[in-house]
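Here is a short report on one chain. Read it with the structure open.

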Amino acid sequence: MKIVMDYKRRTILFGCLLTFVKIWNVISCTGITFTKYHYDPSLAGYRCIPSETAFEVDDVFDPLQCGKLCHLGNICRSVFYKPESNKCIGCRVNPGVPNCDIETSSGSNYFRTKPFYRDKVPASVTDCKDIFENDCSSPSGLYNVTLWKSKKILTVFCDMETAGGGWTVFQNRFDGSVDFFRNSSEYENGFGDKSGEFWLGLKFVQEMASHGKTELRLDLTAGDGRTGYETFPNFKLDNSPNYTLHLDPGTTNIKRGVNVSFSGHDGYHFSTYDADRDVMSDYHCAEVHTTGWWFDDTCQRVNLNGVYSTPGEARIEGAAGAIIHVAFDGLKSLKSARMMFRRM
Ligand SMILES: [Ca+2]
């Protein structure tokens with residue numbers, strides 16, 4: 001019922017927009033111009049996938065009007081126009097290359113309306129998900145985004161390949177080139193090399209993950225080359241100074257042990273050697289394990305910020321260090337670990 005209502009409401013809304021465009025055509029002599037709508041003959045016969053549709057309107061009598069409709073909506077990036085039925089379909093992505101997810105639809109023509117400019121950083125680009133939605137052909141790498149609340153411009157590494165792309169990476173370990181034994185200020189503001197090993201910074205992760213419902217993903221590689229992942233919907237952090245971790249159980253390809261996955265760290269504060277916020281009054285997990293982390297009531301079931309050690313080598317129980325994920329590879333130090341999030 002709600003879907004029907006929403007659909008009706010949207011139809012009415014775009015009816016209004018159509019009227020507006022017709023009036024606009026009359027007053028276009030005032031000098032207000034729209035951008036040029038580029039037709040891409042290589043994508044004739046395609047349309048965007050239904051989950052990326054911004055709107056669908058019938059009775060749009062030329063592709064120019066269709067493009068104008070798209071231009072008026074802030075989530076629309078491109079349009080597919082079917083001349084024989086006068087149907088205009090607005091899409092949330094800008095599928096400029098053949099490997100983007102688009103469906104065939106006989107007789108449609110593709111028009112790119114809002115090309116994405118990497119250097120200009122429009123204020124509406126708040127994370128890697130926005131960059132991906134603007135142009136699904138964007139490769140993995142460094143991009144500038146404008147944080148949604150503080151409006152700070154931040155350089156982030158985007159993973160555009162894993163599980164559909166659009167992930168903002170906030171932690172990356174693979175060779176031990178960056179020391180993760182850092183103080184609370186460094187963990188709050190970030191450190192390392194964003195095109196190599198790095199920690200983005202708790203304050204940025206907190207702000208970006210509070211923009212909307214957000215999922216977290218961990219990617220792991222064991223010493224023997226095996227790979228594993230865990231995802232968690234509803235990832236968020238509390239404000240400074242605790243940056244308490246919140247996540248819900250999600251999906252994984254790891255055969256879970258009881259309470260030894262990252263889920264076990266849900267609800268715990270972030271501690272560093274100069275800020276003991278773990279739950280043990282007579283123990284200092286961050287000092288013992290020489291890193292910053294959301295230590296749990298055992299210190300760590302999982303610690304992806306541990307000291308980079310020889311991959312595959314087992315850490316001695318109770319000893320400091322190592323990048324570990326007990327459900328995935330026991331106490332053996334991992335070869336690589338990556339943490340990233342995406343708005344859902
Ligand atoms: Ca303590």
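## A core residue in a helix

This is a predicted model. Start at V205. Setting aside neighbours within four places in sequence, V205 is in contact with F170, L200 and L237.

V205 is one of the buried residues of helix α5; the others are L202, F204, M208 and A209. Viewed down the axis of α5, these buried residues fall within an arc of 165 degrees, so they line one face of the helix. In general, an α-helix has 3.6 residues a turn, so residues three or four places apart point the same way. The buried residues of α5 pack against several elements. Among them are strands β9 (153-159), β10 (167-173) and β13 (214-221), and helix α4 (184-189). Strands β15 (236-237) and β19 (336-343) are also on that list.

## The largest nonpolar core

The largest nonpolar core holds 76 residues. V79, C88, C91, V156 and V205 have the most contacts inside it. Helix α5 (residues 202-209) gives this core its largest share, five residues. Both domain 1 (2-112) and domain 2 (128-343) supply at least three residues each to the core.

## A five-stranded sheet

Five strands form an open sheet in the order β1-β7-β4-β5-β3, with antiparallel pairing. The edges belong to β1 (38-39) and β3 (53-57). Each has a single partner strand, so one side of each is left without a neighbour in the sheet.

Inside the order, β4 (residues 78-82) and β7 (residues 109-112) pair in the antiparallel sense over four bridges. F80 has Y110 of β7 as its bridge partner. Helix α2 (residues 63-72) lies across β3, β4, β5 (87-91) and β7. Helix α2 runs at about 150 degrees to β4.

## F328 and its surroundings

F328 sits in helix α7 (residues 326-329). Is F328 buried or exposed? The cut-off for buried is 20 or more other C-beta atoms within 10 Å. F328 has 28 C-beta neighbours inside 10 Å, so F328 counts as buried.

Leaving out residues up to four places away in sequence, F328 touches L220, A222, G228 and I254. The C-alpha atoms of F328 and R256 are separated by 7.4 Å, although these residues are 72 residues apart along the chain.

## The whole chain

The chain has seven helices and 19 strands. Of its 344 residues, 40% are buried. Among contacts with a separation of 6 or more, 55% join residues 24 or more positions apart.

Notes: Residues numbered from 1 in each chain as written. Predicted model: local features only at pLDDT ≥ 70, side-chain atom pairs only at ≥ 80, totals over all residues. Core = buried A, V, L, I, M, F, W, Y, C linked by C-beta atoms within 7 Å. Buried ≥ 20, exposed ≤ 12 C-beta atoms within 10 Å, placed from the backbone. Helix = DSSP H or I, 4+ residues; strand = E, 2+ residues; numbered from the N terminus. Domains from an automatic or database assignment. Contact = placed C-beta atoms within 7 Å. Pairing = 2+ DSSP bridges. Axes fitted to C-alpha atoms, helices over the stretch in contact; angles between N-to-C directions. Arc of directions from axis to C-beta.
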